[in-house]
Amino acid sequence: MSVRTAGPSRSDLVADTALALLAERGMRGLTHRAVDEAAGLPQGSTSNLARTRQALLELTVRRLADREARVLALHEMPDPGAGTASLADALALATHRALTGHRALTLARYELALEATRRPELRAFFDATGARFRDQLAALVSGLGSTDPARHTLSLIAWGDGLMFSCVAGSFGAEVPSLEEVRAGLRELLEGMLGG
């Protein structure tokens, strides 16, 4: 009796291929046929899994959220009792990881975010999948004594997104800050909002 090693599911393969295509070719390069070809699947396989473009985008956003959760290592976030420096360290590591080992995934996220501005049904889905990180960060900020957790969470996410966009697709695209530089920026931000 042979034991079959489980590889990625067909839906994961399709979604991972879609994410790679988004990073490489942009939204116009994402078609059902292009996914089939790039994934080495028989023609029509992606359509059988995700009949419409919206279904393909939703499948891709869902996979993006799962993969980014691993990159951001939500399970590694500290207890609020550890203080602002501990949270800055954890967020810096997650942000630096996204900038260095997962640039293509970050670029694909920006492609999907821009597409969501033109598709209300995708916007709702995109926002809902991102809520798990926002909610966890809001709980951490609240636990650190924030007087305005919603505003402080927005500031932290905007800072991180702005840094990642600048370094992946913006005017600092050729430069990646060191882990220590990211940590210093986050510490300044958190200490300014929450105190040392």
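This is a predicted model: local features need pLDDT of at least 70, side-chain atom pairs count only at pLDDT 80 or more; totals for chains, interfaces and linings use all residues.
The structure holds one aromatic pair, where a pair means rings of Phe, Tyr or Trp (its six-membered ring) whose centres lie within 6.5 Å, with planes under 30 degrees apart called stacked, over 60 edge-to-face and the rest tilted. Tyr110 and Phe165 make up that pair, and they are edge-to-face, at 5.3 Å centre to centre and with 85 degrees between the planes. The pair links distant parts of the chain, since Tyr110 belongs to helix α6 and Phe165 to helix α8, 55 residues apart. Tyr110 is buried at a relative accessible area of 11%, whereas Phe165 is partly exposed at 38%; by buried I mean under 20% relative accessible area, by exposed over 50%, and by partly exposed in between, with a 1.4 Å probe and protein chains only.

Residues are numbered from 1 along each chain as its sequence is written, and side-chain values use heavy atoms, with hydrogens and water left out. The helices I name are DSSP runs (H or I, at least four residues; strands would be E, at least two), numbered from the N terminus.

Helix α1 (10-25) has 16 residues and reaches 22 Å from its first C-alpha to its last, close to the 22 Å expected at 1.5 Å a residue, the expected span being 1.5 Å times one less than the number of residues. Its buried residues are Val14, Ala15, Thr17, Ala18, Leu19, Leu21, Leu22 and Ala23. An α-helix has 3.6 residues a turn, so residues three or four places apart point the same way. The buried residues of α1 pack against α2, α3, α4 and α6 (103-116), where contact means heavy atoms within 4.5 Å. Just after α1, Gly26 takes a positive phi of about 85 degrees.

Helix α2 (residues 32-39) has His32, Ala34, Val35, Asp36 and Ala39 buried, and what covers them includes α1, α3 (45-49) and α4 (53-72). Here too a glycine comes next, for α2 is followed by Gly40, whose phi is positive, near 70 degrees.

Which residues touch the most other members of the largest nonpolar core? In that core of 54 residues they are Leu30, Leu112 and Leu156, a nonpolar core being a set of buried Ala, Val, Leu, Ile, Met, Phe, Trp, Tyr and Cys residues joined through side-chain atoms within 4.5 Å. The elements giving two or more residues to this core are α1, α2, α4, α5, α6, α7 (120-143), α8 (149-168) and α9. Leaving aside neighbours within four places in sequence, Leu156 is in contact with Leu91, Leu137, Val141, Leu186, Leu189, Leu190 and Met193.

Helix α5 has 17 residues and spans 24 Å from first C-alpha to last, close to the 24 Å expected at 1.5 Å a residue. Its buried residues include Leu87, Ala88, Leu91, Ala92, His96 and Leu99, and the buried residues of α5 pack against α4, α6, α7, α8 and α9.

That brings me to the charged side chains. A search of the whole structure finds 15 salt bridges, each a side-chain nitrogen of Lys or Arg within 4 Å of a carboxyl oxygen of Asp or Glu. One of them joins the side chains of Arg187 and Asp89, at 2.8 Å from N to O. Arg187 lies in helix α9 (residues 179-194) and Asp89 in helix α5 (residues 84-100), so this pair ties together parts that are 98 residues apart in sequence. Arg187 is partly exposed at 29% relative accessibility, and Asp89 is partly exposed at 28%.

Arg183 is also found in helix α9, and is buried, with a relative accessible area of 16%. Not counting residues up to four places away in sequence, Arg183 touches Ala88, Asp89 and Ala92.

Two further salt bridges deserve a mention. Arg118 meets Glu115 at 3.6 Å, N to O, with Arg118 exposed at 57% relative accessibility and Glu115 buried at 11%. Arg151 forms a salt bridge with Asp148, the closest N and O atoms being 3.0 Å apart. Finally, Asp12, Asp16, Arg63 and Arg67 are linked in a network of salt bridges.
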